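Hello,

Here is the structure you are taking over. My notes on it follow below.

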Amino acid sequence: MHRYQAGSGDRQRMLATIGISSIEQLFETIPAGVRCEALDLPPARSEEEVRREFWAYAGANAAPDCFASFLGAGVYRHVAPAVADALIQRGEFFTAYTPYQPEVSQGTLQAIFEFQTYVCQLTEQDVANASLYDGATAVVEAVLMAQRILPGRPRVVVAGSLHPEFRAVLDTYEEPLGVTVTEVPWDVHGRLDGAAMAGALGTDVCAVVVQSPNVLGVVEDLHAVGAAAKAAGAMAIHVVAEATSLGVLAPGGRFGFDVVCGELQAFGIPPSFGGPHLGFFASSQAHLRQMPGRLAGETVDSAGKRGFVLTLSTREQHIRRAKATSNICTNHGLMALVATITLSLLGRKGVRETALASHATAEYLKAGVRGQGPGVRLAFPEGPTYNEFLVLHDDPDGLLERLRQEGILGGVSTSRLGGRLPLGILIAATERNTRRECDLLLDALRRLA
Amino acid sequence: MSDRPVGRAAEKLIFERSSPGRVGYQLPPLEVPAVGTTMLPGTAVREEIADLPEVSEVDVVRHFTRLSKLNYGVDEGLYPLGSCTMKYNPRINEEIARLAGIAQLHPLQPANQVQGALAIMWELEQALIAITGMARVTLQPAAGAHGELTGMLMIRKALIDRGERRRTVLIPDSAHGTNPASAVFAGFQVVEIASTAAGTLDLAALRRHLEGGDIAALMVTVPNTLGVFEPEIVAAAEMLHEKGAFLYMDGANLNAFVGVALPGTMGADALHINLHKTFSTPHGGGGPGAGPVAVSSALVPYLPVPTVEKRGGRYAFDCDRPGSIGKVRGFFGNFGMLVRALAYIRSLGCDGLRRMAEGAVLNANYVRKGLEESYHLQYTGASLHEVVFDDSLQAAVGVRNIDIAKRLLDYGFHPPTMSFPLIVHGALMIEPTESEGIEELDAFITAMREIAREARESPELVKGAPYTTPVRRLDEVRAARQPVLRWRRGGR
């Protein structure tokens with residue numbers, strides 16, 4: 001028998017109780033034509049053998065913590081407090097499921113309520129859901145919501161500086177629903193071209209989607225974008241890929257945006273080769289009934305004690321089925337818990353300090369790059385950035401390989417992001433990059449670029 | 001009544017624990033020059049977020065530890081949520097997912113830096129191909145519903161490629177709500193097909209609908225949501241294919257027949273697999289999961305990109321798929337869950353996987369036998385891994401499935417899934433999984449029989465439950481009518 005399953009002695013007793021002689025009889029309803037012989041897989045392995053196999057896989061990868069690492073482009077290397085991972089490994093949290101029975105799920109439900117509160121505080125929005133899969137699908141859900149709210153407007157205006165991964169997913173979902181996308185380019189400073197956007201707007205536009213900081217690292221003028229969207233009667237959607245930026249940058253909620261959504265991976269969630277990460281979605285109160293995803297709400301029990309329950313479920317697939325606001329069921333609950341614990345530890349001071357340190361480290365690198373020769377130059381010298389910036393180069397992959405040989409993961413080549421961005425390297429810095437690492441990178445760029 | 005203590009005063013919100021001047025985390029000193037916000041446009045800057053809490057690390061540990069103790073997880077005992085497959089979540093999988101060479105990997109590192117990660121993805125695809133008997137598997141979808149959408153998008157693309165615009169998807173009335181929701185998001189309209197008196201697929205109705213010519217696909221769960229194998233599945237697949245339509249198979253119930261039968265030979269064109277169900281990745285209080293989709297050769301051209309290919313011992317991402325539906329999420333998949341699932345498949349092996357299905361089916365039938373005198377069984381076909389009772393015997397005295405569920409909490413068990421499938425009124429869907437030993441099942445059966453007796457002898461006791469949980473029954477009407485969805489300083 002297997003260590004994860006009941007024993008063979010149990011089986012005999014159960015068969016006797018049921019009144020059959022073999023388990024095979026329980027499969028009689030499955031016709032012979034679809035049966036299989038033994039699966040073409042290796043036999044069961046001990047824990048030690050499994051460990052060895054995966055140590056080998058892990059050993060064949062270059063772990064960024066073994067390098068001076070400046071990788072960003074939508075996935076960031078920030079502090080992950082030890083106690084956050086310790087807490088989420090409590091079986092009461094991670095071996096529970098969706099809190100369908102709230103009386104034995106108050107831990108999960110209260111944590112969701114706290115998460116929703118954090119997201120509202122970070123985004124200055126009225127209401128936030130319990131999580132979505134990732135930033136890309138969060139953007140999609142926002143656009144689909146805009147479609148439901150403004151059904152006669154099948155066009156979406158999207159900044160060209162929206163992360164290409166987010167844009168690719170938007171294109172996949174939009175096509176079957178007959179929505180078209182108008183892309184607006186960036187200007188000489190890497191910011192959304194205001195004149196081009198004005199030209200793109202119209203009475204057939206349901207939403208304007210702008211990412212800030214955008215994929216080029218540049219901070220947008222959300223005030224102007226929000227005003228233009230509103231004037232055109234469209235919903236304004238602020239997308240965030242680097243969530244720690246919300247520690248110093250004003251979110252769309254402050255400028256009247258309808259939705260602030262995106263990716264919260266930066267708050268304590270491991271990069272994990274692209275997933276699981278943490279989509280977040282926050283909107284103004286007016287759109288509450290159209291929101292996708294789970295919502296935890298406060299209430300009382302029959303003894304008057306405060307408690308929390310999933311609520312407004314008539315929006316969701318298990319009640320509304322074909323007319324649901326989203327098809328989402330299982331979301332990213334445990335990742336939301338990681339972020340909730342991380343945000344609690346960082347708190348008021350830590351969220352600020354993380355953002356200021358990330359920004360300052362990137363500014364130090366930018367100043368260093370500015371001082372170098374023509375081999376390496378900033379793509380947008382006048383464009384304000386938070387913790388990431390684009391450096392132009394003709395052979396970014398070659399340069400990055402030379403940097404790697406010196407123990408540096410210098411950034412992400414834009415050639416890996418779909419080919420519509422200027423050719424070069426996106427360099428991201430966080431509070432985890434030491435001065436020594438920064439100086440190593442600057443020195444290496446000077447010699448190798 | 002259980003000994004579960006009523007405990008201290010209810011745990012406050014973390015915001016209510018805040019006290020000025022406390023810190024929970026300390027960053028290393030800044031070594032580069034501080035610039036404040038001077039390099040950012042004034043209009044783009046915000047102040048410190050005043051309402052974020054100020055708590056110490058100890059406060060945080062106390063808070064979340066106490067919250068955890070309000071929860072019931074499958075680590076504690078039987079969690080028989082039908083259709084969710086709440087099996088044991090092995091800890092070696094957690095250790096492996098946290099290895100530096102796995103957890104730290106950035107998705108945009110070049111292929112030569114991530115050969116181990118690509119190998120894991122390739123190996124998992126191969127394993128799922130062996131398990132399903134299908135042609136290829138995409139690992140991108142983040143959950144079952146996401147997989148449903150992905151599969152339906154591929155079916156839509158295949159039809160367009162053929163020059164056809166079929167707009168209708170048939171879905172049984174017993175289907176999970178994500179099925180119609182996903183079909184609509186893929187651009188289809190849904191027509192519900194009523195089940196037979198036995199609760200299974202109505203082949204005659206299927207034939208009639210197919211005459212119309214607008215049918216793109218049938219979405220069906222196998223075994224169905226009653227836990228009964230669809231006897232006509234092969235015939236249905238043949239009928240669909242003959243008319244140029246596709247068969248989408250919801251794989252939520254795959255735990256019933258891994259190693260026993262192959263969905264590929266049943267004629268499935270697309271099948272999503274819930275790694276957080278069948279393959280033990282943890283439910284996490286509501287995810288993250290993963291919903292890979294296995295496809296027949298007809299749908300291979302439409303797979304999301306990139307796929308992982310192996311050539312001459314090296315692994316690479318491949319985007320060369322002109323018919324691809326594109327991407328359904330950022331990057332490549334919930335890699336952390338893919339790793340856990342592959343570790344589980346290696347731990348069980350071909351023999352362990354078959355025993356997994358056998359154990360799941362045996363345990364469900366043992367529970368069925370133990371409860372069939374006490375609870376009503378509307379559909380009496382042979383059960384595989386789950387059984388759906390209902391409350392109709394108890395409803396006669398005003399005790400409903402929700403009351404039975406709440407009373408079961410007092411006995412120290414998580415209740416079964418309620419009110420699903422829709423074709424069973426007052427449903428109690430019980431799926432024990434293969435993780436359970438006979439003592440736990442006997443304790444559950446005893447508790448359920450006790451509740452049936454209580455319902456007969458003192459129904460008010462059952463209707464007032466639960467009595468021993470951290471909170472009593474919660475006012476869900478109030479929560480919906482006066483939504484309070486966040487904390488605010490100073491109250492509402």
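Leaving aside neighbours within four places in sequence, which residues is B:Leu353 in contact with? They are A:Leu39, A:Leu41, B:Ile131, B:Val258, B:Phe279, B:Ile345 and B:Leu348, where contact means heavy atoms within 4.5 Å.

This is a predicted model, in which local features need pLDDT of at least 70 and side-chain atom pairs count only at pLDDT 80 or more, while totals for chains, interfaces and linings use all residues. Residues are numbered from 1 along each chain as its sequence is written, chains are lettered from A and ligands numbered from 1 in the order in which they are written, and side-chain values use heavy atoms, without hydrogens and water.

B:Leu353 also has a place in the largest nonpolar core, where B:Leu206, B:Phe279 and B:Leu353 are the residues with the most contacts inside it. A nonpolar core is a set of buried Ala, Val, Leu, Ile, Met, Phe, Trp, Tyr and Cys residues joined through side-chain atoms within 4.5 Å; buried means under 20% relative accessible area (1.4 Å probe, protein chains only). This core has 148 residues, and helix 10 (residues 335-371) of chain B gives the most to it, with 19 residues. Helices are DSSP runs of H or I with at least four residues, numbered from the N terminus. A second, separate core of 67 residues includes A:Val140 and A:Cys206.

Helix 6 (residues 135-149) of chain A is mostly covered, with 13 of its 15 residues buried. At its start, a side-chain oxygen of A:Asp134 comes to within 3.4 Å of the backbone nitrogen of A:Ala136.

Regards

Conventions
Helix = DSSP H or I, 4+ residues; strand = E, 2+ residues; numbered from the N terminus. Expected span 1.5 Å × (residues − 1). Buried < 20%, exposed > 50% of the residue type's maximum accessible area, 1.4 Å probe, protein only. Polar contact = N/O pair within 3.5 Å; in protein donor to acceptor, adjacent residues only side chain to side chain.
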